[in-house]
Amino acid sequence: MGSSVGLALCGQTLVVRGGSRFLATSTASSEDDSLFTYDCRTAEKKSQENKGEHGQPMDKGSDTILASAFSKSGSYFALTDDSKRLILFRTKPWQCLSVRPVLRRCMALTFTASEDKVLVADKSGDVYSFSVLEPHGCGRLELGHLSMLLDVAVSPDDRYILTADRDEKIRVSWAAAPHSIESFCLGHTEFVSRILVVPDHAELLLSSSGDRTLRLWEFPHGRELHCCHLTSLQGPVEPWGNQRFAASRIAYWSQENCVALLCDCVPVVCIFRLDAPRRQLVYTQQLSFQHRVWDVAFEEGQGLWVLQDCREAPLVLCRPVDGQWQRVGESAAVKRVSTELRGHWAMLEGCAGTDDGFSGLYKASFDNVTPYLQRKEQRLTQQRRKSPPPGPNTRTKRMKKEGAPLRGSS
């Protein structure tokens, strides 16, 4: 869920996706870096004559990219689209390795730390694994939820698979035996939109939710360590109001133990510092933007890249200066990558205003008691109007009907 526009960074390789296309380039300042572009509409398509689960024709989809991710080393890149395909790439040099069908549309994907598998989480609640070493191999069912999955992650040692679903749960399963559940992280009161295992602290997990909180967990034991209510944060801009929102991206920067949180529909990036010894998150500041922010990503040694809905300045680079994050002037790398994005702006422009974010995932509340009480009161009022006012004859008739003796009778 969330925006169909996305930003991904690994090393100095930057990928921007929008609609059915993505472009990959380098953040290095050299001018001779080659640009790689790919359009899912040109990818191999299986025959659509197959029937769905209930005998209905399968939806062909629009080839829009739903999720994408780099492997840990950046050697591989994978994406899924709404035509129910998993597409795997090698990045050095860029080459499409395979196009494989998936059973249902996938909401999230990730590589294992060993880079031998891709895990995809679909909207029906299942997680499938696909081999990287055998790029044309079929998927294998690993685990399942009874609710739509919104994100999936693995621990740095590949010991656990972590899944987040629409029903407020985060499940921690053994990777070697996914049917064996190590723990649940319970506490969110709305769908869990994003999860991130902290790379430097293998036992810590960050999660965000439609309940407008950012939480820190010791996930092997399902223990909540810290909860930050986003609506209580103070800053130069108060963007929250009473609107509902959820985080569309959690990014972590090991260099400064820094966490960046981006929420859909809010043009603000919140910056936190992870205090691992004290097991807490410390809010430091917020970065405000005039345009819609589509995505954010950290680059080690550089800072925070921000992708925004602005053709003149689609990319902004922010760095900490004297303890405060600030936008830096356009470097040669920012200018070059922004120029390349402007040349392919059509793939981003078509996505502006088309995303509904997480709005369809909130729990709907139904109050059928109040209408019932109102109708009951209306009936009683109508009965009072039709009934004659009480009098002595009315009382006598009632007593005779009940068989009670009248006063003065023998």
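Good morning. Because the model is predicted, local features need pLDDT of at least 70 and side-chain atom pairs count only at pLDDT 80 or more, while totals for chains, interfaces and linings use all residues. Residues are numbered from 1 along each chain as its sequence is written, and side-chain values use heavy atoms, with hydrogens and water left out.

Let me start with the whole protein. It contains 4 helices and 28 strands; helices (H or I, at least four residues) and strands (E, at least two) are DSSP runs, numbered from the N terminus. Of its 410 residues, 49% count as buried, where buried means under 20% relative accessible area, exposed over 50%, and partly exposed in between, with a 1.4 Å probe and protein chains only.

I now turn to the sheet. This is an open sheet of 4 strands in the order E1-E2-E3-E4, with antiparallel pairing; two strands pair if DSSP finds at least two bridges between them. Strand E1 (6-10) and strand E4 (36-39) are the edge strands, each pairing on one side only. Strand E3, residues 21-26, is joined to E4 by 4 bridges, and Ala 24 stands opposite Phe 36 in E4. Helix H1, residues 332-343, packs on this sheet and touches strand E2 (13-18) and E3, a contact being heavy atoms within 4.5 Å. The direction of H1 makes about 160 degrees with that of E3; axes are lines fitted to C-alpha atoms, for helices over the stretch in contact, and angles run from 0 to 180 degrees between N-to-C directions.

How many are found in the whole structure? The search finds 13, each defined as a side-chain nitrogen of Lys or Arg within 4 Å of a carboxyl oxygen of Asp or Glu.

Arg 279 is partly exposed, at 28%, and Glu 203 is partly exposed, at 24%.

Finally, Asp 63, Asp 81 and Arg 85 are linked in a network of salt bridges. Thank you.
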